[in-house]
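Dear colleague,

Please find the structure below. My notes on it follow.

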Amino acid sequence: MSEQLTLSAEARDRAGKGASRALRREGRVPAVIYGDNQDPQMIHVEEKALNKLLGTGHFMNSVVMVDVGGKAARTLPKDVAFHPVSDRPLHVDFMRVAEHAAVTVQVPVVFQNEEASPGIKRGGVLNVVRHELDLVCDAANIPDDVVIDLTGLDVGDSIHIAQVKLPAGAKSAIEDRDFTIATIVAPSALKKIEGEAAAEGEGEAEG
């Protein structure tokens, strides 16, 4: 389960590009807390502290307790805007959530036991279609990742969401189709050899 993160913040009175630029010059990042039938609250956070949380790798699927003047808000990060050149965070959106609210989060997929996959041992390549899954789960029990076992999978095999054992209490946010998460495909060299062998077989059959 993703750990609960904490972040100190201060309220901001002014909106607009000029005010935001001034904050960023001071090492602060403008942000907003919204949702839960309350008015949006404009805040700003320390860039260093934010970068530290971003560096955990699971900021976007963790509950973040945002402390504004001694009053904590339970939130889920919904969006982080980054500068296109410097990659510095420019703005953050936090959504208020109740302790056990059902939330939709993107959870990374982790593949294991590649050495136990006959297809990969034969030179096949794991082609990942979805690196993250949209899951609906309890805000107090957000999984860190979804583990998928590659044991026994051969070239041509695919992994669909219906085959995956999701963490307890979580379900896929996409329920109208059994989408593909990954496939094991033959490398181009292997495809070429197989294609040539097939062509020779056809030629012999015709002769």
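Which backbone oxygen does the side chain of Ser 172 reach? The side chain of Ser 172 reaches the backbone oxygen of Ile 174, at 2.9 Å. Please keep in mind that this is a predicted model.

Ser 172 and its strand

Ser 172 is part of strand E12. With a relative accessible area of 10%, Ser 172 counts as buried, because the cut-off for buried is under 20%. Apart from neighbours within four places in sequence, the residues in contact with Ser 172 are Asp 134, Leu 135, Ile 161, Leu 166 and Phe 179. One of these, Leu 135, has Ser 172 in E12 as its bridge partner. Strand E9 covers residues 132–138 and is joined to E12 by two bridges, the two strands running antiparallel.

The sheet

E9 and E12 belong to an open sheet of four strands in the order E10-E7-E9-E12, and the pairing is mixed. Strand E10 (146–149) and strand E12 (171–172) are at the edges with a single partner strand each, so one side of each has no neighbour in the sheet.

The largest pocket

The volume of the largest pocket is about 230 Å³. The pocket is lined by 14 residues, and the closest to its centre are Phe 59, Met 60, Asn 61, Gln 106 and Glu 132. By type, the lining divides into seven nonpolar, five polar and two charged residues. Strand E5 (71–82) and strand E7 (102–112) each supply at least two residues of this lining. E7 gives the most, with four residues.

The loop between E2 and E3

Two residues here have backbone angles that deserve a look. Most residues other than glycine have a negative phi. Asp 36, which is not a glycine, has a positive phi of about 60 degrees. Asp 36 sits in the loop between strand E2 (28–35) and strand E3 (38–46). Asn 37 is placed in the loop between E2 and E3 as well, and its phi is also positive, near 55 degrees, in a residue other than glycine.

How exposed is Asn 37? Its relative accessible area is 84%, so Asn 37 counts as exposed, the cut-off being over 50%.

Regards

Definitions and conventions:
Residues are numbered from 1 along each chain as its sequence is written. This is a predicted model: local features need pLDDT of at least 70, side-chain atom pairs count only at pLDDT 80 or more; totals for chains, interfaces and linings use all residues. Side-chain values use heavy atoms; hydrogens and water are left out. Two strands pair if DSSP finds at least two bridges between them. On a 1 Å grid over the protein atoms alone, a cavity is a set of points where a 1.4 Å probe fits but cannot get out, and a pocket is an open set with protein on both sides within 12 Å along at least five of seven lines; lining residues have an atom within 4 Å of a point. Grid points are joined across faces, edges and corners, and a volume is the space filled by probe spheres set on the points. Ala, Val, Leu, Ile, Met, Phe, Trp, Tyr, Cys and Pro count as nonpolar, Asp, Glu, Lys and Arg as charged, and the others, Gly among them, as polar. Buried means under 20% relative accessible area, exposed over 50%, partly exposed in between (1.4 Å probe, protein chains only). A polar contact is a pair of N or O atoms within 3.5 Å; within protein, one must be able to donate a hydrogen and the other to accept it, and residues adjacent in sequence count only if both atoms are side-chain atoms. Contact means heavy atoms within 4.5 Å.
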